[in-house]
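Here is a short tour for a first look. Keep the sequence and the model side by side as you read.

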Amino acid sequence: QVRVVESGGGLVQPGDSLTLSCATSEPTFTTFAMAWARQPPGKEREFVAAIVWSGGRIYYDDSLKGRFTISGKREQNTIYLEMTNLEPEDTAVYFCAAAPEDTRTYDVWGQGTQVTVSS
């Protein structure tokens, strides 16, 4: 069964930058889209950003646009999330998700990587 694996989380200070990475366990697995979501402590999971390979369409949560940038390599089923000027409110577990080409729904989720922003 195909998995997605996130990496790059950690403890940073306010104002720092951090880049997360995500890749599927099988690079040849065909995806329609990949995305990032996050779950702050005690809150629901929320959308962060997504990339739809066809046409290179990119979507962001409006509140994060400008500080967060999603990018990726379709041929490798890899995406990145560059986060700048991090704030304590960005503290969360960050999840990666993949939408297979046949279902076009985010069926495959990673286990998440913790990002903590604290001085």
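## The disulfide

Cysteine 22 and cysteine 96 form a disulfide, with their sulfur atoms 1.9 Å apart. The model is a predicted one. A search of the whole structure finds one disulfide. This bond ties together distant parts of the chain: cysteine 22 lies in strand β3, cysteine 96 in strand β9 (residues 92-100), and 74 residues separate them.

Is the pair buried or exposed? Cysteine 22 is buried, and cysteine 96 is buried too. The bond also has a handedness. The torsion about the S-S bond of cysteine 22 and cysteine 96 is about -75°, so the disulfide is left-handed.

## An open sheet of four strands

Start with the strand that holds cysteine 22, which is β3. It belongs to an open sheet of four strands, in the order β1-β3-β8-β7. The pairing in this sheet is antiparallel. At the edges are β1 (4-7) and β7 (68-73), and each of these pairs on one side only. On average, neighbouring strands of the sheet are turned by 15° against each other, direction ignored.

Look next at the β7 end. Six bridges join β7 to strand β8 (residues 78-83), and the two run antiparallel. Threonine 69 stands opposite glutamate 82 in β8.

Strand β11 (residues 113-117) has two faces. Thr113, Val115 and Val117 point to one face and are buried.

Which strands pair with β11? Strand β2 (residues 10-12) pairs with β11 in the parallel sense, over three bridges. Here valine 12 stands opposite valine 117. Strand β9 pairs with β11 in the antiparallel sense, also over three bridges. Here alanine 92 stands opposite valine 115.

## A loop residue: threonine 30

Now move to a loop. Threonine 30 sits between β3 (18-24) and β4 (31-39). Its relative accessibility is 46%, so threonine 30 counts as partly exposed; the exposed class begins over 50%.

What does threonine 30 touch, leaving aside residues up to four places away in sequence? The contacts are Asn77, Pro100 and Glu101. Glycine 56 is 26 residues from threonine 30 along the chain, and the C-alpha atoms of the two are separated by 15 Å.

Note on methods: Residues numbered from 1 in each chain as written. Predicted model: local features only at pLDDT ≥ 70, side-chain atom pairs only at ≥ 80, totals over all residues. Heavy atoms only, no water. Buried < 20%, exposed > 50% of the residue type's maximum accessible area, 1.4 Å probe, protein only. Contact = heavy atoms within 4.5 Å. Disulfide = S-S within 2.5 Å. Pairing = 2+ DSSP bridges. Axes fitted to C-alpha atoms, helices over the stretch in contact; angles between N-to-C directions.
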